Amino acid sequence: MVSVGPEIAALVKNGTSGGLLAASLTLLGIAVAVNVGTALRNRRLSRRLHAARSELTELRQRDPLTGLATRAGFEALLESEVDRADLHRGPLALLYVTLDNFGSVNQAYGLRVGDGLLVEAAQRLQAFAGRGPHVAPVARAAGDEFTLLLPLDLAGAMDAASSLQQALSAPFTVEAQPLQLSASIGIAVYPDDCGRPRLMALAALAMRNVKHAGGNGHAHYVPAMAQDLREQSELLQDLRHAVARHELRLLFQPKVDARTLQITAAEALLRWQHPRRGVISPLVFIPLAERHGLIQSIGLWVIEEACRQAAQWREAGLRMRIAVNISGHQLRSEHLVDQIEASLARHQIPPGRLTCEITETVAMEDTAVTRQAFERLRRAGLHVSIDDFGTGHSSLASLRRLPAAELKIDRAFVTDLGSDQQALSIVRAIVQMAHSLQLRVVAEGVETEAQRDQLASLGCDELQGYLFARPMTATALALWAEGEGPAACSQFSPSLFEATATAPLDP
Ligand code: C2E
Ligand code: CA
Ligand code: CA
């Protein structure tokens with residue numbers, strides 16, 4: 001229908017004389033023509049609008065970075081897959097996949113590498129999704145979170161999750177940067193676990209439980225997980241106040257000389273005295289603190305408290321090096337060395353008396369940020385120890401560039417010494433390599449005399465473990481040092497690292 005403009009309509013309605021009528025009819029003809037043109041234009045506009053709208057829907061449903069479906073797109077796919085499952089009376093498993101420590105990759109290598117990693121991970125997921133008889137829907141649900149729908153029951157989904165974990169843990173190369181990751185996967189199965197609306201939320205819940213337990217695994221949703229997660233978030237709330245409420249404390253575990261058994265150092269190990277839950281292990285709350293940005297303030301407290309303790313021991317006439325564990329997040333902070341130096345100065349501790357234990361995996365991140373951090377540690381004259389050595393992928397060349405003075409062989413090799421010939425060969429090789437680089441070797445987790453003797457004969461310089469002492473309070477350590485402990489360990493000695501320390505020990 002052609003609509004007439006209001007002025008023309010008024011003319012036609014009001015016009016009574018012939019001339020005027022003729023003029024009106026001409027105008028009407030023009031108006032009709034104009035309006036036909038408008039209609040055509042409107043139709044074109046509406047077609048364009050429609051195209052734009054479907055483009056927008058497509059955009060909303062397709063992730064521009066990875067080309068995968070978005071969360072919105074996935075919801076639509078989920079609906080049709082559920083219909084299909086209903087039709088065939090078959091199961092449907094939703095796998096909720098997230099990359100562990102993706103945030104650290106972004107932080108350490110920058111967003112470009114982070115994006116590249118997401119693209120490659122998406123490609124692996126897509127390849128995995130294409131393995132079955134029909135291509136399974138796969139989506140990028142958020143940041144580093146992906147979802148996958150497989151026509152499998154629980155047993156099949158668990159198998160698929162472990163193959164997927166394997167596929168994602170193979171090394172990546174992004175912008176010439178070698179990277180290795182692990183993944184956490186949560187699984188929920190339709191219709192056994194729930195109906196369509198909750199499937200995604202339950203699989204995500206299972207994934208978060210895996211992540212909270214340290215990641216690198218997969219789990220099927222069980223109702224208790226909701227409770228676990230609630231407890232985790234309560235724990236996190238409490239952890240935010242732990243420093244201010246004076247609930248953190250340090251225990252100390254000595255390192256002893258492998259030949260003389262004299263104490264050379266004390267490693268500070270953190271404990272959280274929770275008002276209701278009792279003592280909580282750092283293995284539980286340090287990862288939580290790292291994930292939620294609390295590690296900086298907790299780490300700062302550890303450094304300050306360790307220095308304060310070292311000064312107190314010095315006053316009491318006890319001379320030894322003190323060691324603190326430094327998390328990767330702390331190492332990547334540009335303030336770390338300034339903060340350490342400030343604590344050392346406050347308590348008048350020479351830098352060479354403080355050992356920073358940094359795990360091998362963190363130390364080997366060959367990024368500009370870690371290289372700078374190590375350079376600053378070296379310039380400050382701090383004593384660096386590579387912790388949990390043997391679990392990562394160090395090369396001789398990469399070790400050589402680190403300003404480390406000490407290497408701690410991971411407890412796993414010490415535990416396996418008696419039973420596993422390979423562990424023995426590895427320890428021997430580590431000691432030889434470390435000595436060729438003038439690094440001292442500490443073996444941790446020594447629990448038996450047989451291990452002690454074997455490690456000493458393999459050439460380890462220092463030992464640490466329950467055989468000598470468990471982590472204990474500063475007061476207990478001082479008492480122990482004054483004769484309460486085993487006779488062979490009761491004597492404090494000046495640090496054996498004197499040669500590598502840049503600052504002299506106490507007068
Ligand atoms: P780590 O640095 O490798 O510390 C050694 C862990 O092994 C300690 O556990 C210690 O109590 C335990 N251990 C020592 N000797 C033996 C032994 O003979 N047998 C066995 N089975 N275990 C032994 P802990 O205190 O639970 O600490 C666990 C981890 O938590 C530490 O591993 C470290 O990675 C982290 N951690 C502890 N304190 C801090 C801290 O202040 N800051 C940071 N960032 N991490 C910390
Ligand atoms: Ca350590
Ligand atoms: Ca260790």
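Modeller: Start with Gln 348, which is exposed at a relative accessible area of 61%. Exposed means over 50%, buried means under 20%, and partly exposed lies in between (1.4 Å probe, protein chains only). The model is predicted: local features need pLDDT of at least 70, side-chain atom pairs count only at pLDDT 80 or more, and totals for chains, interfaces and linings use all residues. Residues are numbered from 1 along each chain as its sequence is written, chains are lettered from A and ligands numbered from 1 in the order in which they are written, and side-chain values use heavy atoms, leaving out hydrogens and water.

Gln 348 sits in the loop between α12 (336-346) and β12. Helices (H or I, at least four residues) and strands (E, at least two) are DSSP runs, numbered from the N terminus. Most residues other than glycine have a negative phi, and most peptide bonds are trans.

Asn 101 also has a positive phi, about 60 degrees, and is not a glycine. Its place is the loop between β1 (92-99) and α4 (102-109). Asn 101 is exposed, with 56% relative accessible area. A cis peptide bond occurs between Tyr 190 and Pro 191, with omega about 0 degrees. Pro 191 belongs to the loop between β6 (183-190) and α7 (196-212).

Return to β12, where the loop of Gln 348 leads. Which residues coordinate the calcium ion (ligand 2)? Glu 267 (OE), Asn 325 (OD1), Glu 357 (OE) and Asp 387 (OD) do, at 2.2 to 2.3 Å. Donors are N, O and S atoms within 2.8 Å of the metal (3.2 Å for Na, K and Ca); water is not among the atoms, so sites may look incomplete. Along the sequence, the donor residues of ligand 2 are spaced E-x57-N-x31-E-x29-D. Asn 325 in strand β11 (residues 321-325) and Glu 357 in strand β12 (residues 354-359) are 32 residues apart, a pair that links distant parts of the chain. Asn 325 is partly exposed at 31%, whereas Glu 357 is buried at 1%.

The calcium ion (ligand 3) lies 4.0 Å from ligand 2, and Asp 387 coordinates both. Asp 387 counts as buried at 6% relative accessibility. Asp 388 is partly exposed, at 24%.

Now the charge pairs. The whole structure holds 20 salt bridges. Each is a side-chain nitrogen of Lys or Arg within 4 Å of a carboxyl oxygen of Asp or Glu. Asp 63 and Arg 140 form one, at 3.1 Å from N to O. It links distant parts of the chain: Asp 63 is in the loop between α2 (18-61) and α3, Arg 140 in strand β2 (residues 138-142), 77 residues apart. Both are buried. Another joins Glu 375 and Arg 378, whose closest N and O atoms are 2.6 Å apart. These two are three residues apart in helix α14 (residues 368-379), so about one helical turn separates them. Glu 375 is partly exposed at 30%, and Arg 378 is partly exposed at 44%. Salt bridges that share partners also join Lys 255, Glu 267, Glu 357, Glu 406, Lys 408 and Glu 444 into one network.
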